[in-house]
Amino acid sequence: MAYFDYLQRLLSPLGVYDLSEESISGASLAAFGDALDEIWDELQATLRDAFPQNAGEAAIGQWEQIAPTHPRPTALAQRQAAVTWLLSHKGAGCCSAADAVQALALCGLEAEVSNDANKAEITVRLSTQDLSAEELSQTRILVRKLIPAHLQITVQEI
């Protein structure tokens, strides 16, 4: 009845309508208010899923399908963060080692950077227990896409 109250406050200063719920005008206003409340509730539910940052469990799966690569985290908040990052960077990869480590962490992968005097290297640890051969292959592709080309990659399978 939020919209009914709003419409009643909006129209009552005119003094033209009898806005009590027993009158025809008031009953019409109540019906309009109820319809607008339903539309508002539906809009709120739809808008929540319109952005990956706050999408629900069902909608995040749809967002993951359009992401350039599929992240591995299982917790909803981690999946939201990973999809948001992947979509905002369009899967183009990172420009620095720190960005790469952050992106890999968002995607549920453990990584660390070791800086030598001669080279910079990123070590990624993959837990192969929970991955099928296809998932492992896709994860390796994800790692290659996210890490800048000037960094050496070492993948350790655990």
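User: Which residues of α2 are buried?
Analyst: In this predicted model, the buried residues of α2 are Gly26, Leu29, Ala30, Gly33 and Asp37.

User: And what do they pack against?
Analyst: Those buried residues of α2 pack against α1.

User: How many residues does α2 have, and what does it span?
Analyst: Helix α2 runs over residues 24-49, which gives it 26 residues. From first C-alpha to last it reaches 38 Å, close to the 38 Å expected at 1.5 Å a residue.

User: OK, salt bridges. How many are there?
Analyst: The count comes to 1 salt bridge. The side chains of arginine 48 and aspartate 49 meet in it, at 3.7 Å from N to O.

User: Are those two buried, exposed or partly exposed?
Analyst: Arginine 48 is partly exposed, because its relative accessible area is 42%. Aspartate 49 counts as partly exposed too, with 26% relative accessibility. The cut-offs matter here: under 20% would be buried and over 50% exposed.

User: Back to α1. Where do tyrosine 3 and tyrosine 6 lie?
Analyst: Both tyrosine 3 and tyrosine 6 lie in helix α1, residues 2-11. They are 3 residues apart, about one turn of the helix.

User: Why would a spacing of three places matter?
Analyst: An α-helix has 3.6 residues a turn, so residues three or four places apart point the same way.

User: How many aromatic pairs does the structure hold?
Analyst: It holds 1 aromatic pair. Tyrosine 3 and tyrosine 6 form that pair, and it is edge-to-face, with 6.4 Å centre to centre and 90° between the planes.

User: How accessible are those two tyrosines?
Analyst: Tyrosine 3 is at 27% relative accessibility, so it counts as partly exposed. Tyrosine 6 is partly exposed as well, with a relative accessible area of 41%.

User: Let's jump to α6. Which residues are buried there?
Analyst: Leu136, Thr139, Leu142, Val143 and Leu146 are buried in α6. Seen down the helix axis they fall within an arc of 115°, so they line one face of α6.

User: What's on the face turned away from that buried side?
Analyst: That face of α6 carries the exposed residues Ala133, Glu134 and Arg144.

User: And how far does α6 reach?
Analyst: Helix α6 covers residues 133-146, so to speak 14 residues, and reaches 20 Å from its first C-alpha to its last. That is close to the 20 Å expected at 1.5 Å a residue.

User: What about strands? Where does alanine 111 lie?
Analyst: Alanine 111 lies in strand β1, residues 110-115. At 16% relative accessibility, alanine 111 counts as buried.

User: What does alanine 111 touch?
Analyst: Leaving out residues up to four places away in sequence, alanine 111 touches Val101, Leu104, Ile122, Thr123 and Val124. The C-alpha atoms of alanine 111 and valine 124 are separated by 4.3 Å, although the two residues are 13 apart along the chain.

User: Now the whole chain. How many helices and strands?
Analyst: The chain has 6 helices and 3 strands. Along the sequence they follow the pattern α-α-α-α-α-β-β-α-β.

User: How much of the chain is buried?
Analyst: Of its 158 residues, 32% count as buried. The chain exposes about 9700 Å², and carbon and sulfur atoms supply 54% of that.

User: What share of the contacts is between residues 24 or more positions apart?
Analyst: Such residues account for 48% of the contacts with a separation of 6 or more.

Definitions and conventions:
Residues numbered from 1 in each chain as written. Predicted model: local features only at pLDDT ≥ 70, side-chain atom pairs only at ≥ 80, totals over all residues. Heavy atoms only, no water. Helix = DSSP H or I, 4+ residues; strand = E, 2+ residues; numbered from the N terminus. Buried < 20%, exposed > 50% of the residue type's maximum accessible area, 1.4 Å probe, protein only. Contact = heavy atoms within 4.5 Å. Areas by Shrake-Rupley, 256 points an atom, 1.4 Å probe, with all protein chains shown as cover. Phe/Tyr/Trp six-rings, centres within 6.5 Å; stacked < 30°, edge-to-face > 60°. Expected span 1.5 Å × (residues − 1). Arc of directions from axis to C-beta. Salt bridge = Lys/Arg side-chain N within 4 Å of Asp/Glu carboxyl O.
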